[in-house]
Amino acid sequence: MRVLLIGANGYLGRFVADRLLADPAVQLTALGRGDDADVRFDLASGSPGALTRFLDAVHPGVVINCAGATRGGARDLTRHNTVAVATVCEALRRSGCGARLVQIGCGAEYGPSQPGSSTAEDAVPRPGGPYGVSKLAATELVLGSGLDAVVLRVFSPAGPGTPAGSPLGRLAEAMRRAMQSGDGELKLGGLGVQRDFIDVRDVARAVHAASLSAAQGVINIGSGRAVRLRDAAAMLARVAGYGGALHELDGPPGPLRATIGHPRSESDHAAPAAYPYPDGCGSWQQADVRTARDRLGWRPRINLEESLADIWMEAACRI
């Protein structure tokens with residue numbers, strides 16, 4: 001099976017590439033903006049015609065799109081998350097390869113949900129920020145393209161390679177600095193939110209399964225269990241062997257922030273995020289993952305403690 005992987009050097013794409021390369025039946029070609037891609041191509045600025053010519057030459061059976069942006073203004077997010085997907089869809093429509101498309105979506109497309117509830121694929125999306133809006137627009141393009149396509153809505157990925165700027169990455173970095181400086185007290189803010197964390201290696205397994213299946217439409221990929229960030233912090237402290245006290249700063253849910261030792265002045269950490277928490281999903285999000293089980297034969301295997309142990313391992317090695 002010839003697979004074209006777009007975004008192989010990204011956070012999720014690296015693990016998807018590893019999973020596919022472990023399958024002897026897969027012949028993998030990586031397309032991206034970096035020098036180490038098999039083919040250099042910028043989806044946000046490249047033409048569908050140029051991509052079509054490449055598709056006709058390689059003739060993949062599956063195209064997997066892991067590319068995209070999680071940070072930046074509305075314009076950049078639209079270019080990299082929406083315009084790029086429009087280019088892929090149009091190129092596939094023009095091409096004679098007839099490839100199946102596996103698009104990586106995001107749980108942020110749903111927006112805030114009712115605490116205690118599990119969000120299923122038939123929920124009406126109400127994204128709470130520009131990132132979720134740009135990803136939802138991409139999903140709608142895929143679903144309306146007429147292609148053989150599936151969108152995997154990945155909730156909150158965790159595990160090795162977690163970006164240092166993500167909530168769990170910042171938490172690990174704050175704890176590393178506290179241990180390095182010998183501080184016995186770590187003050188953290190924004191820990192009240194609850195999210196459905198899913199290990200990136202389980203995400204890669206889901207992508208692999210989706211590429212082999214005939215499933216179409218939207219499929220949630222998550223653990224099916226919401227975890228309070230406060231509990232994740234306590235779990236990380238156990239994994240790291242941090243014996244200090246964890247104190248939560250007062251205030252509404254917002255971006256994760258930390259102080260070590262004596263707290264800063266109120267003005268240093270009083271401003272909440274424009275969109276609650278980084279993903280615009282409010283205080284609670286939990287995936288209903290029954291569709292992934294039924295249509296992909298997929299279940300998560302890696303628990304959050306193992307994911308956090310890998311995040312900590314990388315943080316502890318950082319100088």
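Predicted model: local features only at pLDDT ≥ 70, side-chain atom pairs only at ≥ 80, totals over all residues.
In which helix is L308 found? L308 is found in helix α9.

Is L308 buried or exposed? L308 has 1% relative accessibility, so this residue counts as buried; the cut-off for buried is under 20%. What does L308 touch? Leaving aside residues up to four places away in sequence, L308 is in contact with L168, A232, M235, L236 and V239. A240 can be compared by distance. A240 and L308 are 68 residues apart along the chain. Their C-alpha atoms are separated by 9.2 Å.

Now turn to the sheet. Seven strands form an open sheet, and the pairing is parallel. Read across, the order is β3-β2-β1-β4-β5-β6-β11. Which strands stand at the edges? They are β3 (39-40) and β11 (217-221). Each has a single partner strand, so one side of each has no neighbour in the sheet.

Start inside the sheet with strand β1, residues 2-6. This strand is mostly covered, as four of its five residues are buried. Strand β1 pairs with strand β2 (residues 27-32) in the parallel sense, over five bridges. How does the chain get from β1 to β2? The chain crosses through helix α1, residues 11-21. This β-α-β crossover is right-handed.

Strand β1 also pairs with strand β4 (residues 62-65), again in the parallel sense, over four bridges. Here V3 stands opposite V62 in β4. Strands β2 and β3 pair in the parallel sense over two bridges. G32 stands opposite R40 in β3.

Helix α3 (residues 74-94) lies across β1, β4 and β5 (100-106). Helix α3 runs at about 165 degrees to β5. Helix α4 (residues 130-143) packs on the sheet too, touching β5, β6 (149-154) and β11. The direction of helix α4 makes about 160 degrees with that of β5.

How many salt bridges does the structure hold? The structure holds 14 salt bridges. One of them joins D310 and R201, with the closest N and O atoms 2.7 Å apart. This pair links distant parts of the chain. D310 is in helix α9 (residues 304-316), while R201 is in helix α6 (residues 200-212), 109 residues apart. D310 counts as partly exposed, at 22% relative accessibility. R201 is also partly exposed, at 25%.

Another salt bridge joins R230 and E248, whose closest N and O atoms are 2.6 Å apart. R230 lies in helix α7 (residues 229-240) and E248 in strand β13 (residues 245-248), so the pair ties together parts that are 18 residues apart in sequence. R230 is partly exposed, with a relative accessible area of 35%. E248 is partly exposed at 32%.

R293 and D294 form a salt bridge as well, with the closest N and O atoms 3.0 Å apart. R293 counts as partly exposed at 34%, whereas D294 is exposed at 55%. The cut-off for exposed is over 50%. Finally, E90, R93 and R94 are linked in a network of salt bridges.

Key: Residues numbered from 1 in each chain as written. Heavy atoms only, no water. Salt bridge = Lys/Arg side-chain N within 4 Å of Asp/Glu carboxyl O. Buried < 20%, exposed > 50% of the residue type's maximum accessible area, 1.4 Å probe, protein only. Pairing = 2+ DSSP bridges. Right-handed = clockwise from strand over helix to strand, strands pointing away. Contact = heavy atoms within 4.5 Å. Axes fitted to C-alpha atoms, helices over the stretch in contact; angles between N-to-C directions.
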